[in-house]
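Please open the model in a viewer and keep the selection panel at hand.

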Amino acid sequence: MALLLLLWRAWQLQIVRHEHYSTLSSNNRVMVQPIAPTRGLIVDVTGRILAENIPSYSLELIPERVEDMEGTLQQLQQLVAVGEEDLSRFRRELKRKRRFETVSLRLRLTEEEVARLAVNRHRMAGVEVNSRLTRYYPYRELTSHVIGYVGRINEQELQQIDNSNYAATQHIGKIGVERSHESELHGEVGYRQVEVNARGRILRTLEEQLPRPGNNLQLYIHAELQQVAMAAFGEERGALVAINPQNGAVMALVSAPGFDNNLFVNGISGSDYRRLTDSADKPLFNRALRGQYPPGSTTKPFVGLAGLEHHLIDSDSSLFCPGFYQIGDNERKYRDWKKWGHGHVTLKSAIAESCDVYFYDLSLELGIDRLALFMQRFGFGQLTTIDIGGELAGLMPTREWKWRKRNEAWYSGETLITGIGQGAMLTTPLQLARATAALANRGTLYQPRVVRAMSSPEDGELHVTDSVIESRLNDIAESSWEAIFESMAEVVHGVHGTARTIGTGLNYRMAGKTGTAQVFGIPQGEEYDASELSKRLHDHALFIAFAPVDNPQLVVALIVENGGSGSKVAAPIARQIFDYFLGNRG
């Protein structure tokens, strides 16, 4: 009888229920594991690595294999340092992921921690130590604002990405090149079908589709030039953008101070984040793209060009500067920076000595409508559409803008101060650099580009991206360009040029323009006295320049926040950039 029962049970299991148990068996022993693609490298124009991937060990758990999660976590905390932030993040991911997917508890384990876990691992089912590639930025603060960083994928990003392609990826580009070129850098996920035993241990690989690595990017950024620029700022705060005027290539983009972007890769600690956000120097703020400043007298070459093109002035016409300007019979005096005035000035001397009165008069003659329209042709008040995103547009004020924003009429006095880059007008250092590049190349407005080329993992061939021309100012007379170039060269090389101190010993000709922008208004009858003000209330110092004058190869625009004087503080920084660049062209 017993034998008959055994035979009946065997028949039921092997014949009647064969398909059911066969399927269950197959589901239990076969797993599909996603394989993360290797993120593409980022290098500078000379091939120096700016962002790479380095191996590091991470502590991970597979929930379905852990019998007692809380008990296991307590055991792990006795073996390695697991902070509250690690635990909070782990619990969030635990809820989001499926039970057979790995969840990271700690990243970047030390070798000692790896050894300690290896000795104790047999006591904790479902605990693994895996080697993964981690993003690393060797230049840290130097390139943080242009390269950006990757960070852990958050809930909002999860709703926007292709989850299947990010099945094995924990990081995504957050800002800078890392974010704007995420699709090229990430690559495509791979899959591995494996056979595992009842304890989850992999017995063999059944099938594998390798991931496709991300593309490598080469930038126009020159790491050494960037280094020279950052060092030139010293302890000052500010921003600098250096552009090749022949194609719009951004060769240096500095926002000082920077920050160590490696801190963000695996989750920045609360103390480090507070240190950065609480700093009065605002190291996380990208001043080059998002800093909106009054451009000060750096606008004068553009206003002078507008005056020439509208035939309101010529190279020989002059004006007497007594040190102030009045509109008609109005008692209000618009002061020149030189209290006792410049005397008789022409366009060349007005630009070289930065005479405010000359440009008050010219701006009034132009009127805000013509002035704004002309400045907009150089991109003032508009996004540059740089290929790394995140920029702000600045402001080129107009009648329509004031009426729309403030419901007020435009006054003539506002035209005067707009003509010397004050009042409501705001620019970013990037805008100022692009406008100066268009000036240097006689009217071609390029889209500023950071990424020079891309190489795919398949062929390794470098595919150089084309420069993008946004507009051409073909209607400006050659004589007008020449007049402005001569005036700007006089700024550096002239006897009375405001930046003449940096002209000493130059073996090339540089065209420049200093700017000093007030950070607060000064009432009539009062004077600006830097010695009585805190450093944070000092004027901003600006400088724009290109060189060599006859064949411009580099344009620089920079601002030193509360630097005081464009000629004393900003211009010497530019001199260091040009000396390095032109002296090392080989």
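Which residues of α17 are buried? They are Gly 413, Glu 414, Thr 415, Leu 416, Thr 418 and Gly 419, where buried means under 20% relative accessible area, exposed over 50% and partly exposed in between, with a 1.4 Å probe and protein chains only.

This is a predicted model, in which local features need pLDDT of at least 70 and side-chain atom pairs count only at pLDDT 80 or more, while totals for chains, interfaces and linings use all residues. Residues are numbered from 1 along each chain as its sequence is written, and side-chain values use heavy atoms, with hydrogens and water left out.

**First stop: helix α17**

Select residues 412-419, which form helix α17. Helices (H or I, at least four residues) and strands (E, at least two) are DSSP runs, numbered from the N terminus. Helix α17 is mostly covered, with 6 of its 8 residues buried. Now display what covers these buried residues: the elements include α13, β14 (324-325), β15 (334-335), α15 and α16 (399-406). Contact here means heavy atoms within 4.5 Å. Just after α17, select Gly 421, which takes a positive phi of about 70°.

**Second stop: Pro 295**

Gly 421 is also one of the residues touched by Pro 295. Select Pro 295 in the loop between α12 (287-290) and α13. At 0% relative accessibility, Pro 295 counts as buried. Leaving out residues up to four places away in sequence, Pro 295 touches Gly 421, Met 425, Thr 427, Leu 432 and Leu 542.

Continue to helix α13 (residues 300-309) and select with it helix α19 (residues 478-493). Two packed helices are described by the angle between their axes and the distance between the axes. The axes of α13 and α19 come within 10 Å and cross at roughly 150°. Axes are lines fitted to C-alpha atoms, for helices over the stretch in contact, and angles run from 0 to 180 degrees between N-to-C directions. The two helices α13 and α19 are therefore roughly antiparallel to each other; angles under 35 degrees count as roughly parallel, over 145 as roughly antiparallel, 65 to 115 as roughly perpendicular and the rest as oblique.

To see the contact, show Pro 301, Gly 304, Leu 305, Leu 308 and Glu 309 of α13 against Ser 480, Trp 481, Ala 483, Ile 484 and Met 488 of α19. Colour α13 by burial next: 10 of its 10 residues are buried. After α13 comes His 311, whose phi is positive, near 60°.

**Fourth stop: the cores**

Where are the nonpolar cores? A nonpolar core is a set of buried Ala, Val, Leu, Ile, Met, Phe, Trp, Tyr and Cys residues joined through side-chain atoms within 4.5 Å. The largest has 126 residues, and those with the most contacts inside it are Leu 240, Tyr 358, Phe 378, Met 510, Phe 543, Leu 558 and Phe 578. Helix α15 (residues 356-377) contributes the largest share of this core, 11 residues. A second, separate core of 18 residues includes Leu 79, Val 80, Phe 90 and Leu 109.

Centre the view on Leu 240: residues up to four places away in sequence aside, its contacts include Ala 229, Phe 233, Val 254, Val 556, Leu 558 and Ile 577.

Then move to Leu 117, in helix α5 (residues 111-120). Leu 117 is buried, with a relative accessible area of 2%. Beyond its neighbours within four places in sequence, Leu 117 is in contact with Leu 59, Leu 76, Leu 79, Val 80, Leu 109 and Val 129.

**Last stop: backbone geometry**

Most residues other than glycine have a negative phi, and most peptide bonds are trans. Select Ala 256 and Pro 257, joined by a cis peptide bond with omega about 0°; Pro 257 is in the loop between β12 (249-256) and α11 (270-278). A cis peptide bond also joins Ala 547 and Pro 548, with omega about -15°, and Pro 548 lies in the loop between β22 (540-547) and β23 (554-560).

Finish with Ser 354, in the loop between α14 (347-352) and α15. Its phi is positive, near 60°, and Ser 354 is buried, with a relative accessible area of 5%.
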